[in-house]
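I am opening a notebook on this structure. The entries below follow the order in which I looked things up.

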Amino acid sequence: MTTLSIIKADTGGFVGHSAVHPDMLATAQDWLRTAIGDRLLLDGKVASCGDDISLIMIHEHGPDSENIHEFAWNTFRATTQVAKRLGLYGAGQDLLSDAFSGNLRGLGPGYAELEFTERPSEPVICFLADKTEPGAWNLPLYKMFADPFNTPGLVIDEKMHAGFCFEVYDLYEEKRINFDCPAELYDLLMFIGAPARYVVHAVESKTLSEQGAATSTQRLSLIAGKYVGKDDPVLIVRCQSGLPAVGEVLEPFSFAYTVAGAMRGSHHAPFMPVSVEHAHPSRFDGPPRVVALGFQVHDGTLLGPRDLFADPAFDRARDQANTAMDYLRRHGPFEPHRLPLEDLEYTTMRALEKRIAERWQPMADAAAVSLATEPTSATTV
Ligand SMILES: [Mg+2]
C-alpha cells in the first residue's frame, strides 16, 4: 500500500502573511531530499500557497505514521529557524508545542493523508488553500462526488452510479458520522452546509470500496484553546476510473463561492482559484486562494505537478471573485462580511463587555423612562 501525505504549516510569512520566503522553501526542499535519500520517503515535493508550506510525500508508512509526522515536524522547526533568522512575520506560528510526541495531532500543522493500492494509472490532485478553513472543501466535495449537474459520471459511469459515502467530522464535539449518498444527500447537506462546524473528512466509492478524497480537518482555534491563525486546509482527490474525472474534480472551482477567512481570519470572502504564480493573497489578506497541483503517481513517484488552475477557463471565476470581494468589502465591519461573533479569530468583545458592563440597563426600565418623559397630549402628524 502507498500513502500520499500532505503535511502543512505556516512557519513565517514574507511579507506579512502573503507568501513564503524562498530560503524557507529551499530548506524544506533539502530536508525532503535527505528523507528520500534515507528511504523514509519514496518521493516528495515542496509546495506553497500564501504563507503556508506544504510537504507532499509518497511513502509506505501508512497514515498517522510517527516517522513521517516527526520528519515533517523537524522540517518545520528548520524552516522556523530560517524565518527567525530573517525576522519574517509570525515565525513558527503553527508550531504550538516545544516537543514532538507520537504524531502531529494537536501540535499545530495540518495534514491530509490517503492510503491506496496504486492503480496502473493514478491521477491525483492536491489542493492547497490559504486564508480560509477546512470547511472550505465541503461545497466542492459535494459537487464532485454527489452532484450530477457537476459530475455526469454519477449518471453515466457504471462504477460511479451507486454513489459515494461521506465521512463528516463535528469539530466542536469531536465526533464523526458516515452519510450514504445519494440516499442521504439531504441529511448530509443539513450538516456540511454549516462548514465552520461540520467538515467532510473523507469520501469513499461504494462500488470500488476505494477512498477518493481526504481533507485536513484540524482547527487551530480549538486545538490551542484560542485563535492563533486560521487553519489553512489541504485536500487530496484521486481521479478517474470509477472516481470523478480530473475535469469533474476541478469544475466546482469555476464558481467563486464564499468562505470564511481573509483579513485576520475574520471575514467572509470569495474563494479564488489561481495558478501557483498568483497564490500570494495581498488585497485585504485575500481573497482566499486555492491552487490545484496535479500529479500522476507512478511506481511510488510523483510525476508533476501540473498547475491546473493556470488555465484561462478559470478567468471568469477569478473575475467573479474580484467582483464579489468589492461587494463584500463595502460592508466594512458589518456582517455578513465580518464573521458572526462566535467565529471571529480576533475579538475585543470580551474586554469590551467587561469594561462597559455596568452601563447596560434592562430594556423595560429604559422604556418606562422614555414613556414618562413624553407629552401625554401629543398628536401624531
Ligand atoms: Mg496561511
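Does Asp232 count as buried or exposed, and at what relative accessibility? I am working from a predicted model. In it, Asp232 has a relative accessibility of 6%. The cut-off for buried is under 20%, so Asp232 counts as buried.

Next I looked up the metal. Asp51, Asp52, Asp130 and Asp232 coordinate the magnesium ion through OD atoms, at 2.0 to 2.1 Å. I noted the spacing of these donor residues in sequence as D-D-x77-D-x101-D. Asp51 and Asp232 link distant parts of the chain, being 181 residues apart. I found Asp51 in the loop between β2 (43–49) and β3 (52–59). Asp232 lies in the loop between α6 (220–224) and β10 (234–238). I checked Asp51 for burial as well: its relative accessible area is 3%, and it is buried.

Then I turned to helix α1, residues 22–37. I read 16 residues and a reach of 22 Å from the first C-alpha to the last, close to the 22 Å expected at 1.5 Å a residue.

Which residues of α1 are buried? I listed Met24, Thr27, Ala28, Leu32 and Ala35. They are on the same side of α1, because they cover an arc of only 135° around the axis. Arg33 and Gly37, on the other side of α1, are exposed.

I also looked up what covers the buried residues of α1, and found β2, β3 and α2 (66–86) included.

My last entry concerns Arg39, which follows α1 and has a positive phi, near 65°.

Technical notes: Residues are numbered from 1 along each chain as its sequence is written. This is a predicted model: local features need pLDDT of at least 70, side-chain atom pairs count only at pLDDT 80 or more; totals for chains, interfaces and linings use all residues. Side-chain values use heavy atoms; hydrogens and water are left out. Donors are N, O and S atoms within 2.8 Å of the metal (3.2 Å for Na, K and Ca); water is not among the atoms, so sites may look incomplete. Helices (H or I, at least four residues) and strands (E, at least two) are DSSP runs, numbered from the N terminus. Buried means under 20% relative accessible area, exposed over 50%, partly exposed in between (1.4 Å probe, protein chains only). The expected span of a helix is 1.5 Å times one less than its number of residues. The arc is that of the directions from the helix axis to the C-beta atoms. Contact means heavy atoms within 4.5 Å.
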